[in-house]
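Please read this briefing alongside the sequence and the model. It is arranged by topic.

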Amino acid sequence: GGYKVAVLSTDIGDTGHLTIVNRLRAAGRMDLLKNCLIIPRDGYKEVNAFLTAPEKDCPELFDMNPDFLGWDGFGARQQGDVSEYVGEMAPAKDKDRGDFRESGLVLEQQDWGAIRNATIRRLNDFIRIHHPSGKKWHKILTCHEQIIYRETTTSSGQKRQEQVQESYKPMLSGAGGTLALGGVDLVLRCKVSTKKGLGEDKDTRVYTYVTRGHENLVAKDRGFNLDAEEPADFLKLWSEKISKSFVTGINQPASD
């Protein structure tokens, strides 16, 4: 029983899925690994092969016919593979830029439009992946959040970077970061806060999902009836609130 989950893994180091294995091992439920399919892909062309023709690149995905299809490392792929590929393909205007430009480590102004297009087109491909039977696969993307810093000077004259505010934006280069939000139904921003106990050794961390953005960036919610901040228990949030807003799709709670 339980939901079936497939994950396209493009994260740095290709180790993000170990979280799943370790949690199941700790819970004594390694038997549920049969419900999980990890699809590791590395490199711009290899990932594109999956996104543009998944039925050919990964037929086992369609044999499994999961309930959820995740993309772990969406931001890492854009920051790494996409920017590197665009940088290497685009000709340099200034020949004196040398090896940095040829390797894709230095980007020109015209490159950012290509990065935006490569990000959004492949995101669209991912979101549109469904089973030929008509079953909808619910998609989950992961991405780090941008943090805004400013340079400050201490009383001793030393300069340091200080966080000034939370951005509520995914850590994606260029306009791709803003446009990517248009392709999803719901943004869950993970937040951690410290709950003070009796002594520092008694402090505990509390994890929550923030579902609403600040006044300059309203998070998407597609009419879901969610509180501004929810406990970070996705299975409970999905089963009790999110899935009930869908006319089609999987609405039953997992049996395991």
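This is a predicted model: local features need pLDDT of at least 70, side-chain atom pairs count only at pLDDT 80 or more; totals for chains, interfaces and linings use all residues.

Residues are numbered from 1 along each chain as its sequence is written, and side-chain values use heavy atoms, with hydrogens and water left out. Helices (H or I, at least four residues) and strands (E, at least two) are DSSP runs numbered from the N terminus.

**Parallel sheet**

- Four strands make up an open sheet with parallel pairing, in the order β2-β1-β3-β4; two strands pair if DSSP finds at least two bridges between them.
- β2 (36-40) and β4 (138-141) are the edge strands, each with a single partner, so one side of each has no neighbour in the sheet.
- From one strand to the next, the twist averages 20°; axes are lines fitted to C-alpha atoms (for helices over the stretch in contact), and angles run from 0 to 180 degrees between N-to-C directions.
- Strand β3 (residues 68-72) runs parallel to β4 and is joined to it by four bridges.
- Across this pairing, Trp-71 stands opposite Leu-141 in β4.

**Antiparallel sheet**

- Three strands in the order β7-β8-β9 form an open sheet with antiparallel pairing.
- β7 (189-195) and β9 are its edge strands, and each pairs on one side only.
- Neighbouring strands in this sheet are turned against each other by 40° on average, direction ignored.
- Seven bridges connect β7 with strand β8 (residues 204-210) in the antiparallel sense.
- Lys-195 stands opposite Thr-204 in β8.

**Aromatic pairs**

- Rings of Phe, Tyr and Trp (its six-membered ring) pair if their centres lie within 6.5 Å; planes under 30 degrees apart count as stacked, over 60 as edge-to-face and the rest as tilted.
- The count by this rule is six aromatic pairs.
- Trp-71 and Phe-126 have ring centres 5.2 Å apart and planes at 55°, so this pair is tilted.
- The pair links distant parts of the chain, as Trp-71 is in strand β3 and Phe-126 is in helix α7 (residues 111-127), 55 residues apart.
- Trp-71 counts as buried at 1% relative accessibility, and Phe-126 counts as buried at 0%; buried means under 20% relative accessible area, exposed over 50% and partly exposed in between (1.4 Å probe, protein chains only).
- Tyr-3, Phe-68, Phe-234 and Trp-238 are linked into a cluster by ring pairs.

**Helix α9**

- The buried residues of α9 are Leu-237, Trp-238, Ser-239 and Ile-242.
- These buried residues pack against β3, β4, β8 and β9, where contact means heavy atoms within 4.5 Å.

- Asp-233 is in the loop between β9 (229-231) and α9 (234-242) and, at 37% relative accessibility, counts as partly exposed.
- A polar side-chain atom of Asp-233 lies 3.2 Å from the backbone nitrogen of Lys-236; a polar contact is a pair of N or O atoms within 3.5 Å, where within protein one must be able to donate a hydrogen and the other to accept it, and residues adjacent in sequence count only if both atoms are side-chain atoms.
- The C-alpha atoms of Asp-233 and Tyr-209 are 8.5 Å apart, with the two residues 24 apart along the chain.
- Ser-243 is in the segment after α9 and is buried, with a relative accessible area of 0%.
- A polar side-chain atom of Ser-243 lies 2.8 Å from the backbone oxygen of Trp-238.
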